[in-house]
Amino acid sequence: MNGVAVHLDDLSRSFGAVHALDGLDLHIEPGELVALLGPSGCGKTTALRVLAGLEDADSGRVLVGGKDITGLPANRRDMGMVFQAYSLFPHLTALENVQFGLKLRRRSGGDRAAAMLDLVGISAHAARYPHQLSGGQQQRVALARALAIEPQVLLLDEPLSALDAKVRVQLRDEIRRIQTEVGTTTLFVTHDQEEALAVADRVGVMRSGRLEQLAAPSEVYLRPASAFVADFVGLSNRLPGRLDGDAVTVLGTRLPLVRRSAAGPEVTALVRPESVEVVPDPAGTARVLSTAFLGATSRVTVALGETVVVAQVGGEALADLAAGTPVRVELRPVPVSIED
């Protein structure tokens, strides 16, 4: 299956005084998976619903494969959707649920539906009803049903948020594998930062109905386009610093800037926890406040005078970093952002 390009052109949508979309422009390449990420109310779900035809934009256009489909109803847009709620028919088996859309299109559904259940790894449960399936299994059926009709575009509206953590990670990886295999252009809406960074070709971070940044996951994280993006995607320490040309001095260390700033000279730098080193030192002026063991990595919270700093360290390092331990705090010279 070949993907198609999707273009949301200058979309606006208001609900009373609330501007859910405020001139949104988004281009998705054929076969690409773009994840829209942002806080509640930023407009990400409204953008997906306008693309699906479930909401009408006040202005702007929706183009798919170069064709303007702005005025088409949802049932003529040839899109597959997977929602947060599984939305399976309770009186139909898994196989029959997947066949449903094919029958509406007057297509023979048996072989295609079976192939889709096999693709999502649930063919052994084809004869089971939704109440006999786990949450993760039900969502696999919903994904198979959306793909069975061979849609031009696949729309995923927070499809994993109702699942427990381990199943969420497993199904997240499966969605990426399947999307890559079938090549369907996909828009994935989520509030989960890790999820967006893990599955997407590009991540779009939204704020107040607009895109703050649309880039590869690594660029969004390492080179955020704004302080909002830096603060929203991942954790950041807000540390006082002093601008000096294309760098900022923080805790005595000169750090390069992601981009030059007109602010200053006194600023607040956003420093990632993994850029902070905490070293046990009897003469250190900082003290460990608390630790959190997270498996392969751990977090250490340190008080440095009036400043509280969070560092990410290897799990084995906690043995030397009990609460109250005197330490010194060092910063790795990696680029940082400046708070607006």
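A salt bridge here is a side-chain nitrogen of Lys or Arg within 4 Å of a carboxyl oxygen of Asp or Glu. The exercises below apply this cut-off, among other things, to a predicted model.

**Exercise 1. Determine which side chain of opposite charge is nearest to Glu-195, and how far away it is.**

Step 1: Glu-195 is buried, and the nearest side chain of opposite charge is that of Arg-168, 4.3 Å away.
Step 2: A salt bridge requires nitrogen and oxygen within 4 Å, and Glu-195 has no salt bridge.
Step 3: Once neighbours within four places in sequence are set aside, the residues in contact with Glu-195 are Leu-160, Arg-168, Arg-172, Phe-188 and Thr-190.

**Exercise 2. Describe how strand E3 is placed, and find which strands it is joined to by bridges.**

Step 1: All five of the five residues of E3 (residues 33–37) are buried, so the strand is largely enclosed by the rest of the structure.
Step 2: Leu-33, Ala-35 and Leu-37 point to one side of E3, while Val-34 and Leu-36 point the other way, and buried residues are found in both sets.
Step 3: E3 runs parallel to strand E8 (residues 185–190), with five bridges between them, and Ala-35 stands opposite Phe-188 of E8.
Step 4: E3 also runs parallel to strand E9 (residues 202–207), here with four bridges, and Leu-36 stands opposite Gly-204 of E9.

**Exercise 3. Work out the strand order of the open five-stranded sheet, and say which strands stand at its edges.**

Step 1: The order is E13-E12-E11-E14-E20, and the pairing is antiparallel.
Step 2: Strand E13 (253–256) and strand E20 (337–338) each have a single partner strand, so one side of each lacks a neighbour in the sheet and these two are the edges.
Step 3: Within the sheet, E11 (residues 237–244) and E12 (residues 247–250) are antiparallel partners over four bridges, with Asp-244 having Ala-247 in E12 as its bridge partner.
Step 4: A salt bridge joins the side chains of Arg-242 and Glu-266, at 2.2 Å from N to O; Arg-242 lies in E11 and Glu-266 in strand E14 (residues 266–271), so this pair ties together parts 24 residues apart in sequence.

**Exercise 4. Explain what the salt bridge between Arg-140 and Glu-174 ties together, and decide whether its partners are buried or exposed.**

Step 1: The side chains of Arg-140 and Glu-174 meet at 3.6 Å, N to O, in a salt bridge.
Step 2: Arg-140 is in helix H4 and Glu-174 in helix H5 (residues 165–182), so the pair ties together parts that lie 34 residues apart in sequence.
Step 3: Both Arg-140 and Glu-174 are buried.

**Exercise 5. Identify which elements each supply at least two residues of the lining of the largest pocket.**

Step 1: The largest pocket has a volume of about 560 Å³, and 19 residues line it, with Met-79, Gly-80, Met-81, Arg-105 and Ile-149 lying nearest its centre.
Step 2: The elements that each supply at least two lining residues are strand E6 (79–82), helix H2 (94–104) and helix H4 (135–148).
Step 3: In H2, the buried residues include Ala-94, Val-98 and Leu-102, and what covers the buried residues of H2 includes helix H3 (110–119) and H4.

How values were computed. Residues numbered from 1 in each chain as written. Predicted model: local features only at pLDDT ≥ 70, side-chain atom pairs only at ≥ 80, totals over all residues. Heavy atoms only, no water. Pairing = 2+ DSSP bridges. Buried < 20%, exposed > 50% of the residue type's maximum accessible area, 1.4 Å probe, protein only. Lys, Arg positive; Asp, Glu negative; His and termini not counted. Contact = heavy atoms within 4.5 Å. 1 Å grid on protein atoms, 1.4 Å probe; cavity = no way out; pocket = protein on both sides within 12 Å on 5 of 7 lines; lining within 4 Å. Points joined across faces, edges and corners; volume = space filled by probe spheres on them.
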